[in-house]
Amino acid sequence: MLEGNAERSVEATLGQLRVLDGPAPAQTPVPLTLEDLYRQHRMRLVRLAILLVDEPATAEDVVQEAFTGLHRNWGRLRDAAAAVGYLRTAVVNGSRSVLRRRKTAREYVPPHAVNARSAESLAMLSSEHQAVVSALSKLPPRQREVLVLRYYGGLSEAEISEAAGISKGTVKSTASRALEALQKAMQAPQ
């Protein structure tokens, strides 16, 4: 019972939209140009895409991509009648892609921010230690990595070299430059 009501509601609503759009353009025996197809079918395809993706701007983009794809493949088209079917299929597939990307974006959980510290951890540090942490965050990533692995991780130069994928000599020079930069950053007025 409910399924029949839903089907009738959908049929009535979409039928009304179809009436508002006007009759579908009749197939003409004269081969259509891409411009003719665009003029005759663009709005109908946009409405189709809006029904599928629920956003007018995104629907416009999907239809534009469909026409762009048709333009790229115009020379390989069997006949002009196939163009409308190609466009309709391209709009449906483009809409599916949009919906997949949306779903993926909704499910994405960003990784834990590397530089994020809890308020409690900073509050527990003395002002001098807070200055070091602040200056450390201003170093280039490799210098920061080397110092953190060395002083926080307690790793040797060989272990840092392996962990960071750099030579032991690079570890030494990077650590030296990082300590100089850290000292300058801490002496600079805040």
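Which residues are buried in α3? In this predicted model, in which residues are numbered from 1 along each chain as its sequence is written, local features need pLDDT of at least 70 and side-chain atom pairs count only at pLDDT 80 or more, whereas totals for chains, interfaces and linings use all residues. Side-chain values rest on heavy atoms, with hydrogens and water left out. The buried residues of α3 are Thr58, Ala59, Val62, Val63, Ala66, Phe67, Gly69 and Leu70, where buried means under 20% relative accessible area, exposed over 50%, and partly exposed in between (1.4 Å probe, protein chains only).

The protein chain contains 9 helices and 0 strands, and its pattern along the sequence reads α-α-α-α-α-α-α-α-α; helices (H or I, at least four residues) and strands (E, at least two) are DSSP runs numbered from the N terminus. Of the 190 residues of the protein chain, 21% count as buried. When contacts (heavy atoms within 4.5 Å) between residues at least 6 apart in sequence are considered, 57% join residues at least 24 apart.

The 17 residues of α3 should span 24 Å at 1.5 Å a residue, and the end C-alpha atoms of this helix are 24 Å apart, which agrees; the expected span is 1.5 Å times one less than the number of residues. A nonpolar core is here a set of buried Ala, Val, Leu, Ile, Met, Phe, Trp, Tyr and Cys residues joined through side-chain atoms within 4.5 Å. The largest such core has 17 residues, of which Leu37, Leu45, Ala49, Val63, Phe67, Leu87 and Val91 touch the most other members. Two or more residues are given to this core by each of α2 (34-53), α3 (56-72) and α4 (80-107), and the largest share, 6 residues, comes from α3. Valine 63, with residues up to four places away in sequence not counted, touches Arg42, Leu45, Val46, Ala49 and Val91. A second, separate core of 6 residues includes Leu136, Leu139, Leu147 and Leu182.

Apart from neighbours within four places in sequence, arginine 42 is in contact with Leu37, Glu60, Val63 and Phe67. In helix α3, threonine 58 counts as buried at 15% relative accessibility, and its side chain makes a polar contact with the side chain of glutamate 55 (2.6 Å). Contacts of threonine 58 beyond its neighbours within four places in sequence are with Val53, Val98 and Arg102.

The loop between α2 and α3 holds aspartate 54, which is exposed, with a relative accessible area of 63%. The phi of aspartate 54 is near 65°, a positive value in a residue other than glycine. Most residues other than glycine have a negative phi.

Helix α7 (residues 141-152) has 12 residues that should span 16 Å at 1.5 Å a residue, and its end C-alpha atoms are 15 Å apart, which agrees. Its buried residues are Gln143, Arg144, Val146 and Leu147. Seen down the axis of α7, these fall within an arc of 165° and so line one face of the helix, the arc being that of the directions from the helix axis to the C-beta atoms. On the other side of α7, Pro141 and Tyr152 are exposed. Arginine 144 has a relative accessible area of 18% and is buried, and a polar atom of its side chain lies 2.8 Å from the backbone oxygen of leucine 139. The C-alpha atoms of arginine 144 and alanine 178 are separated by 7.2 Å, although these residues are 34 residues apart along the chain.

Just after α7, glycine 154 takes a positive phi of about 70°. Leucine 155, placed in the loop between α7 and α8 (157-164), is partly exposed, with a relative accessible area of 27%. With residues up to four places away in sequence not counted, leucine 155 touches Leu149, Arg150 and Ile160.

Technical notes:
A polar contact is a pair of N or O atoms within 3.5 Å; within protein, one must be able to donate a hydrogen and the other to accept it, and residues adjacent in sequence count only if both atoms are side-chain atoms.
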